[in-house]
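Have the viewer open as you read.

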Amino acid sequence: MSKEKSLKLYQQIIVLLGCFTLVFAVVRAFFDLLSWEFILFSFFTITIGPRLNLKLPRSRVVLGFSDSLIFLSFLLFGGEEAIILAAGEMLAACLSLRTNGIRLNFNTLIYNISSSTLTTSLTYLGWLFISDKMGLSFIPTETSQLVTMLGVLSILQFITNSIFVSSYYSLKNETPLIKQWKQDGFSISITQIAGACIAGVTYKLITSGDYFATSISLVVIIFAYLNYRKVMGDMTSSIEEAEKAQQEKAESERIRAEQAEKYALELSKSLADQEIISEKLQESNIALEQTAFYDTLTKLPNRAYLIERLNLLLELGIDISNKYFVLFLDLKRFKNINNRLGHTIGDKVLMLVAKRVLRAVKMEDTVARLGGDEFAIILTDLKSAEEAKRYARRIHQKLTHPFSLNGHKIFSDVHIGISPFDTEHQKPEDILRDADIAMHYAKEKELPFALFDKDLRSKVLETIKLESHLRFALEKNELSMFYQPLISLADGGIIGFEALLRWQHPTFGFVSPAQFIPIAEDSGQIIPITNWILEQTTDQIAKWQKISPGYKKLMVSVNISGKHISQDGLVETVETCLRKAKLKPASLKLEITESTAMENAERTIEILSELNRIGTQLSIDDFGTGYSSLSYLHRLPFDTLKIDRSFVYSVGENGENSEILQTIISLAKNLKMKVIAEGIETESQLRLLRNLGCDFGQGYLMSKPLPVDQAETLLYQKQIWFPQSFVENEMGETLSNTSNSPILYPSKIAQ
Ligand code: C2E
Ligand code: MG
Ligand code: MG
């Protein structure tokens, strides 16, 4: 059976028995109930009794005067009256609780009344049984009898009451009856005993007949009661205060504990956060160090790292001269790889370069990427400069080995400058600068590597000086054009000029093109300079074409640098210049050196095809010095091949060493190109070239490069540009080239 059901059943039984005994008592004592003493006593019990209860602090025990009054009614009126009074008193007590705001439902009210009725009834029955057995009288006349009777009553009352209360709580809390009885039963005994004592004293006073003593006793009892009530009240309030304080203390401790827990949680969270932050900080420090000292692409140390390392070596102060070396590497034509194949391939090439270099040096050496296509190496603990050169050679070999990437075979090259550590080096930058100087020298001389020496430094410083002055040469009018006649070898007539740039510096004097043209190319100055040359020369030749109808087809040959070919805009500039000068495109010839053309053959084919389309002539310059691939030569749209002067120079007086000339000329013929030979200085060279079928020539024998005015004067004066002796001996003609009269129609101007 469930707890609720058993409790309900228990209550129902109590109510049933209680009602029954109450009805029984009412029936038995019906007439006694109407006496004025009982009515007065009942009134007092019902109205005052419940109000005189005293609750013992910190216990469920209530010292009830109602118990005393019930016992007293026992003594004064009898058992039935006591039962009825118990019911009435309980009803009054419950109603009083309800008016004080305590919720008591009807069932509980009935149960309480029944329980009280039944307890008193059982006490009464018990008393009847015991008094019968012990021969006790119901009306005690002597104190000893009174004590015995009250003792028995209180014990019986205690037993029944404690059993009911314990049974109720045992069912409600589902605890064993004995345990519940021990917990609640004993405390009930006090109320019974106290109630019995008070009842006994009161009964004794009422029945003594001594009204004075009774009145005095009543006053004492009232005082004692009031005093006791006050003490109890004070005790209760101080206990309540203490309890409240304790509760507050407990509450504040709970709050403190909660806060401490919260704080501990926050602390642990913030510690965790702190840990994450410090981890992140450490990570970002590493990343920072990584980006500060390492190159992101190749993962090699960067310039900053290299400088640090060099600093450290210099600070060590030990003599590492000629034992430690710095190598400065510059990849050749790396820009072309980037331009032609894209930056992704370019990046991969750089990564492969880094790997190859690392494989060529010792573990303890430092390989760094300085930026772009520049790398530097610190070689440690070498025996001599020769060993450093051996390393440079090995690196050069490794890097000139073609790379295979995404189906492309990529050829790369490198120039390496070597600088030994020197006592003169104060800062890392000094040693890097010297290695850089050596590298530039290697580049200029087309060497795989070069070892630094002090002469090199002055040469490079000279170059740097020239470069800085060259920047302003154009705007300061220091540049001018010289024109070297191009002559038809068949009849000595002029077909045009090669435009050659001259730089006359106010303090350095005349600077050779061989010196400043490479500088202009390296610094990129060559592009604006060539644009200016194109403007000047097209204007000039258009002007000269007007001198005579015989000069209508006079042309100008302009040298174009490889730098210009790899940049956009050349074709547009040429078109603009031709349009401005109102010059036919065929009157302009562009010369590109063989090495330039072959260096970037695909790009050259592209640009030359464009130039060919607009109608300009194209000449391959210095032929024989570069290593022409015949397949490319065939595809390049050149119409003229210019033999390098070294082949003309090497021909002897009697035509020795002419085989190469012969081969080049027949090659040109096969490729349907015209041939021009440069550097003709002697009549025998001229004769040979004429005999070999070379179409045109230029050289000091006919004319040196001339300034504009001189070239113009000669244009007016000369018809045949061969030396007089040559004309007389070889052609059987006499020349009168010195006349000042303008030449109206030079005899046989070649195409
Ligand atoms: P290049 O284009 O092969 O020019 C011919 C060079 O040979 C010229 O030297 C010329 O003066 C020289 N020369 C001509 N005939 C003879 C001769 O009979 N004997 C000797 N020994 N030399 C002769 P230059 O003017 O010193 O030019 C040297 C090089 O500088 C040129 O070689 C050319 O590559 C470059 N250059 C000159 N002017 C320009 C220019 O305006 N633009 C470009 N990009 N390069 C130029
Ligand atoms: Mg030339
Ligand atoms: Mg040349």
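## Layout of the chain

Domain bounds here come from an automatic or database domain assignment. On that basis, the protein chain splits into domain 1 (3-207), domain 2 (292-452) and domain 3 (481-737). Taken over C-alpha atoms, the centres of domain 2 and domain 3 are 40 Å apart.

A word on ground rules: this is a predicted model, where local features need pLDDT of at least 70 and side-chain atom pairs count only at pLDDT 80 or more, while totals for chains, interfaces and linings use all residues. Residues are numbered from 1 along each chain as its sequence is written, chains are lettered from A and ligands numbered from 1 in the order in which they are written, and side-chain values use heavy atoms, with hydrogens and water left out.

## The magnesium ion (ligand 2)

Donors are N, O and S atoms within 2.8 Å of the metal (3.2 Å for Na, K and Ca); water is not among the atoms, so sites may look incomplete. Glu498 (OE), Asn559 (OD1), Glu591 (OE) and Asp621 (OD) coordinate the magnesium ion (ligand 2) at 2.1 to 2.2 Å. Along the chain, these donors follow the spacing E-x60-N-x31-E-x29-D. Glu498 sits in strand β11 (residues 494-505) and Glu591 in strand β14 (residues 588-593), so the pair ties together parts that are 93 residues apart in sequence. Strands (E, at least two residues) and helices (H or I, at least four) are DSSP runs, numbered from the N terminus.

Buried or exposed? For accessibility, buried means under 20% relative accessible area, exposed over 50%, and partly exposed in between (1.4 Å probe, protein chains only). Glu498 is buried at 4%, and Glu591 is buried at 1%.

## The magnesium ion (ligand 3)

Which residue do the two ions share? Asp621 coordinates both the magnesium ion (ligand 3) and the magnesium ion (ligand 2), which are 3.9 Å apart. Asp622 is partly exposed at 22%, whereas Glu678 is buried at 7%.

## Met555

Met555 is found in strand β13 (residues 555-560) and is buried, with a relative accessible area of 5%. Its contacts (heavy atoms within 4.5 Å) include Phe497 and Lys589, not counting residues up to four places away in sequence.
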